[in-house]
Amino acid sequence: MAALEVETIDHDLGGLVEEGVLVRHRTGDRRVAAVFVVPGEAAPVVRRATLLREEAGVDGELALYEPDDDLMIFHRNRREADFIFREVFRDNEYLRNGVTLPDHPTVVDVGANIGGASVLFGLVGQGARIFAVEPVPQLCRAVELNARLHDIDVVIVAGAVGDARGQTVITYYPKNTAMSGLLADQTDREVLKTYLAGHDGASAAGLDAMVAELLVGEPVECGVQTLGQALEGHSVDRIDLLKIDVEKAEWQVLHGIDDGLWQRIDQVVMEVHDIDGRVAACVRLLEDKGFSVLIDRNPDLLSTDMYGVYARRGPVAPDPAAPNWRRPLSTRRALASAIRERIPQLADIAVERFRFVAALPRDTRGEIDAAALGAMIASEGAAEPGVMSAIEERLAAIWCRLLKVESVRTSDDFFDLGGTSLKSVRMVLEVDEAFGENVLPPDQLFAGSRFDEVAAVIRRNLG
């Protein structure tokens, strides 16, 4: 590697940066720069993220993703995190139709998954205490990391909730965790296919392979308790909001709640599958318990049996606006943008990357270790200049069209450029049309989403 020039960032950045350096080196005939930053007190979420990323890396299955300029979340797979962001934060599936959170609320999140809804509740409800109930160990770990990332008080209750104590086996979908549950069946496939097709306009035939890959399930044995049993020993005097999303097992959860606990519940929001008239039955049960109830539906799922049920001990009605969950400087992307604005010389430099670290590497004399910084840059696979092959040019054209970008570098990641699970479906279909059927099998797309990785899969399968 060429000699590196290391320049200390010594501007007054208002607490954005504890310390940082600008690293320059020559690659061919062009200038490349990297900025390494230890986040400051003004960006506490990014500070925590720098430490938690290393811890999550030990697990090998969890990574950090920014689906929005104001949100970071640990996830099992990026497509799933994108779906959860849309449902929980963008479309506001839970805090609507009169369902709100007071200050210092107690919330029970049954079917927590990776903790997306728990994060929302913690950001909206000041001083919230949240009980996240989740039977899949891998997802419990994600809940824990997300709670620590956002400094939210979350108690994880490992296990399933039903109508009686016992043992059961749930189906866990690692590549589509939100649909994991006790009563997984063929309808899961149709619901997912309907959702993807409705968003992206893809043909049913083109979606089959993607849906099949997303719904490869694993059995997970777990204990079952009633909700009251799950909360024993936690001194829960009231439940300001009970959220239930357990993939067709919601009826069992409701039937396991005794009269004493019902009297302590103020609001319920739940996803209900209308199996054998279950929506009407849930409404009757909730009304019998003293709630006002409103039924709502996701426009993308009108052809499925899925409904949203919102119940309160007070009026229910459509809300004019979603609650504010956004916080300033809560992502690496936002922090990098703020730093750029305050350092004039960055305006004239093509910065390859911002890297946020817990500490800058130092040598035995306590000086910034330029060689260690160079090794970190190299390990991230900085793109080298060069001419794209015919395969790469055709693939780049597909990416530019789908992602609405002007150009693509070999080190670019499909999802970092704005790709979603829905757009990945379209990419697979367009690659099939451009190169031939099955040159980009969905399972191989899941293995890597960088441009050079996708191009390598196509090249290998073309022989």
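Predicted model: local features only at pLDDT ≥ 70, side-chain atom pairs only at ≥ 80, totals over all residues.
Now, Lys404. Its relative accessibility is 73%, so Lys404 counts as exposed. Lys404 sits in the loop between α13 and α14, the latter running over 421-435. Its phi is near 55°, a positive value in a residue other than glycine. Most residues other than glycine have a negative phi.

There is a second case, Asn92. Phi of Asn92 is near 50°, again positive and again not in a glycine. Asn92 is placed in the loop between α2 (78-90) and β6 (106-110). Is Asn92 buried or exposed? Asn92 is buried, with a relative accessible area of 7%. Lys404, by contrast, counts as exposed.

Back to Lys404, and the helix before it. Helix α13 is followed by Lys404. The helix covers residues 390-403, which is 14 residues. From first C-alpha to last, α13 reaches 20 Å, close to the 20 Å expected at 1.5 Å a residue.

Which residues of α13 are buried? The list is Ile391, Glu392, Leu395, Ala396, Ile398, Trp399, Cys400, Leu402 and Leu403. Remember the general rule here: an α-helix has 3.6 residues a turn, so residues three or four places apart point the same way.

Take Glu392 from that list. Its relative accessible area is 14%, so Glu392 is buried. Glu392 also forms a salt bridge with Arg459, and the closest N and O atoms are 3.9 Å apart. The cut-off for a salt bridge is 4 Å, so this pair is counted. Glu392 lies in α13 and Arg459 in helix α16 (residues 451-462), so the pair ties together parts that are 67 residues apart in sequence.

Asp452 pairs with Arg450, with the closest N and O atoms 2.4 Å apart. Asp452 is partly exposed at 27% relative accessibility. Arg450 is partly exposed too, at 23%.

Arg238 pairs with Asp240, and there the closest N and O atoms are 2.9 Å apart. The two partners fall into separate classes. Arg238 is partly exposed, with a relative accessible area of 35%. Asp240 counts as buried, at 7% relative accessibility.

One group goes beyond a pair. Glu55, Arg141, Glu144 and Arg148 are linked in a network of salt bridges.

Last topic, the cysteines. How many disulfides does the structure hold? The number is 0. Look at Cys222. The closest cysteine sulfur to its own is in Cys140, 9.9 Å away, and that is too far for a bond. The cut-off for a disulfide is 2.5 Å between the sulfur atoms. Cys222 is buried, with a relative accessible area of 5%. Cys400, back in α13, is buried as well, with a relative accessible area of 18%.

To recap. Helix α13 has 14 residues, and Lys404 follows it with a positive phi. Glu392 in α13 is tied to Arg459 in α16.

How values were computed. Residues numbered from 1 in each chain as written. Heavy atoms only, no water. Helix = DSSP H or I, 4+ residues; strand = E, 2+ residues; numbered from the N terminus. Expected span 1.5 Å × (residues − 1). Buried < 20%, exposed > 50% of the residue type's maximum accessible area, 1.4 Å probe, protein only. Salt bridge = Lys/Arg side-chain N within 4 Å of Asp/Glu carboxyl O.
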